[in-house]
Amino acid sequence: TVRIDGKDIRALDPALLREKIAIVPQKSVLFSGTIMENIRWGNEAATEEEVEHAARMAQAHDFISGLPEGYHSRLGQQGVNLSGGQKQRVSIARALVRKPRILILDDCTSAVDTATESKIKEALKQYAADLTCIMIAQRITSVMDADKIIVMDLGEVVGIGTHETLLKDCKVYQEIFQSQIGKELYANVQSK
């Protein structure tokens with residue numbers, strides 16, 4: 001069973017359950033309208049200050065402020081006038097302004113550079129202190145500091161634990177680490 005606050009979700013009103021959850025998919029879905037309207041789609045009652053705060057946490061404020069009309073800049077359909085990383089950051093801000101109890105991040109920083117991803121993760125650490133955050137990722141650096149990591153291989157759970165535990169006990173996690181991090185470390189050592 002899946003439980004939220006100790007209650008089986010099958011016993012909860014689906015509408016109330018949906019109000020507690022925010023999802024940021026890998027492929028961002030933006031709408032025609034302003035950036036402000038796109039972020040407020042997560043919470044129509046959000047003030048401009050709340051929208052800006054969410055955008056700052058999502059590392060979107062700087063590029064939004066740099067646009068000619070800032071938060072009131074109009075987006076084309078699907079946000080065609082933004083880069084992939086910018087779209088993802090607007091989508092993250094939309095989820096954060098919702099103030100969910102459960103935040104699901106589905107590989108939603110795949111189009112941002114690692115430095116920006118680190119800043120987003122730092123902001124999320126403070127923000128997510130009182131909520132459940134489920135992060136789906138392919139980059140091991142995205143999940144290394146999670147409380148619990150679930151490693152899946154071909155649709156099956158092959159390991160559960162912290163980064164340190166999985167490095168010792170999970171062959172699939174070790175292989176992922178070696179292929180993503182080990183090569184980078186080796187390359188950096190060789191180039192010095």
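Trainee: Why is Asp107 called buried?

Mentor: This is a predicted model, and in it Asp107 has a relative accessibility of 11%; since buried means under 20%, Asp107 counts as buried. Its place is the loop between β6 and α6.

Trainee: Is Gln59 called buried, partly exposed or exposed, and why?

Mentor: Gln59 has a relative accessibility of 25%, and because buried requires a value under 20% and exposed one over 50%, Gln59 counts as partly exposed.

Trainee: What makes Asp113 partly exposed?

Mentor: Asp113, which is found in the loop between β6 and α6, has a relative accessibility of 43%; that value falls between the cut-offs of 20% and 50%, so Asp113 counts as partly exposed. A polar atom of the Asp113 side chain lies 2.9 Å from the backbone nitrogen of Thr116, and the C-alpha atoms of Asp113 and Gly85, 28 residues apart along the chain, are separated by 8.1 Å.

Trainee: Why is Ser73 called buried, and what does Ser73 touch?

Mentor: The relative accessible area of Ser73 is 9%, and as the limit for buried is under 20%, Ser73 is buried. Ser73 is found in the loop between α4 and β5, and, not counting residues up to four places away in sequence, Ser73 touches Gly33, Thr34, Ile35, Leu67 and Pro68.

Trainee: How do you know that the side chain of Ser73 is within polar contact distance of Glu69?

Mentor: A polar atom of the Ser73 side chain lies 3.3 Å from the backbone nitrogen of Glu69, and the cut-off for a polar contact is 3.5 Å.

Trainee: Why is the pair of Phe31 and Trp41 called tilted?

Mentor: A search of the whole structure finds one aromatic pair. The ring centres of Phe31 and Trp41 are 5.0 Å apart and their planes stand at 55 degrees; the centres must lie within 6.5 Å, and planes under 30 degrees apart count as stacked and over 60 as edge-to-face, so the pair is tilted. Phe31 lies in the loop between β3 and β4, and Trp41 in the loop between α2 and α3, 10 residues apart.

Trainee: What makes Phe31 partly exposed and Trp41 exposed?

Mentor: Phe31, at 32% relative accessibility, counts as partly exposed, whereas Trp41, at 53%, counts as exposed, because exposed means over 50%.

Trainee: Which residues have the most contacts inside the largest nonpolar core?

Mentor: That core has 32 residues, and those with the most contacts inside it are Ile39, Ile64, Tyr71 and Leu103. The largest share of this core, six residues, comes from α5. Leaving aside its neighbours within four places in sequence, Ile64 is in contact with Ile35, Ile39, Ala55, Gly70 and Tyr71.

Trainee: How do you know that β8 and β9 are paired strands?

Mentor: Five bridges join β8 to β9, where at least two are required, so the strands pair; they run antiparallel. Met152 has Val157 in β9 as its bridge partner.

Methods:
Residues are numbered from 1 along each chain as its sequence is written. This is a predicted model: local features need pLDDT of at least 70, side-chain atom pairs count only at pLDDT 80 or more; totals for chains, interfaces and linings use all residues. Side-chain values use heavy atoms; hydrogens and water are left out. A nonpolar core is a set of buried Ala, Val, Leu, Ile, Met, Phe, Trp, Tyr and Cys residues joined through side-chain atoms within 4.5 Å. Buried means under 20% relative accessible area, exposed over 50%, partly exposed in between (1.4 Å probe, protein chains only). Helices (H or I, at least four residues) and strands (E, at least two) are DSSP runs, numbered from the N terminus. Contact means heavy atoms within 4.5 Å. A polar contact is a pair of N or O atoms within 3.5 Å; within protein, one must be able to donate a hydrogen and the other to accept it, and residues adjacent in sequence count only if both atoms are side-chain atoms. Rings of Phe, Tyr and Trp (its six-membered ring) pair if their centres lie within 6.5 Å; planes under 30 degrees apart count as stacked, over 60 as edge-to-face and the rest as tilted.
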